[in-house]
Amino acid sequence: PPQVSFTLELEFSCSILLDHADVMLQATSDSTEATPEDNVVKISVPIRYEPDLFLSSNTNLHRYEVHPLGTFTHSSGPEFTTMVKVQNFGCYPIQNVTLYMALPALGHRKATILSVTHVLADNATCVLQPPPEGTQVVSVPPEDLLHVD
C-alpha cells in the first residue's frame, strides 16, 4: 500500500503551558477501501520546552600579580569579587537549575591562592563544598619568572 510521510511543526503559546499534545490524523479517499478503520490514528506526545538561559559573569579584577618562585608571601592579596548571573530569556519558567563552579584554589606545593570568604546569593541557594572523594585536584604549576626574557 502507498505511504506518505510528513512532519508536523506546532507552535505553543507562552501563556498556556501544556505537558502533552494530542493529534488525530485521518486519511480519506474517493475509492472503496477494504480496511477503512486503519485510516485514523491518534497520537499523544509529551511536550518539552527548550530553555533559553543566558549565563554571564563579571569581576572586579582583570589582572593578577604573579610572584617569582621564592618570593611568595603568605599575606592575602586584594579581594577578588566575581558575580555570576543566570537569566531566563525564554517565556517558559525553568525549575531546578543547578550551576557547578570549580575554583582554582591551589598553587605550587598546594599553597592556597584563593579562599572563599563569603557567598552572597539572590534568588538562589549556594552550597560551598570541597570536591567529591576521588576527584583529582589539579594545582597551578610553578613558574620561575626570573628566567623569562
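**Entry 1: N39**

I started with N39, which lies in the loop between β1 and β2 (40-46). A reminder to myself before going on: this is a predicted model.

Is N39 buried or exposed? I looked up its relative accessible area and found 17%. The cut-off for buried is under 20%, so N39 counts as buried.

Next I asked which residues N39 touches, leaving out those up to four places away in sequence. My list reads L25, Q26, A27 and E33. E33 turned up again when I checked side chains: a polar contact of 2.8 Å joins E33 to N39.

**Entry 2: the disulfide**

Then I turned to the cysteines. How many disulfides does the count come to? I noted one. The partners are C14 and C91, and their sulfur atoms sit 1.8 Å apart. For a disulfide the sulfur atoms must be within 2.5 Å, so the pair C14 and C91 qualifies.

What does the link tie together? I placed C14 in the segment before β1 (20-26) and C91 in the segment after β4 (82-88). The bond therefore joins parts that are 77 residues apart in sequence.

I also looked up the handedness of the link between C14 and C91: the angle about the S-S bond is -60 degrees, which goes down in my notes as left-handed.

**Entry 3: exposure of the two cysteines**

Last, I checked accessibility at both ends of the bond. C14 has a relative accessible area of 41%, and I logged C14 as partly exposed. C91 comes out at 39%, and I logged C91 as partly exposed too.

Definitions and conventions. Residues are numbered from 1 along each chain as its sequence is written. This is a predicted model: local features need pLDDT of at least 70, side-chain atom pairs count only at pLDDT 80 or more; totals for chains, interfaces and linings use all residues. Side-chain values use heavy atoms; hydrogens and water are left out. Helices (H or I, at least four residues) and strands (E, at least two) are DSSP runs, numbered from the N terminus. Buried means under 20% relative accessible area, exposed over 50%, partly exposed in between (1.4 Å probe, protein chains only). A polar contact is a pair of N or O atoms within 3.5 Å; within protein, one must be able to donate a hydrogen and the other to accept it, and residues adjacent in sequence count only if both atoms are side-chain atoms. Contact means heavy atoms within 4.5 Å.
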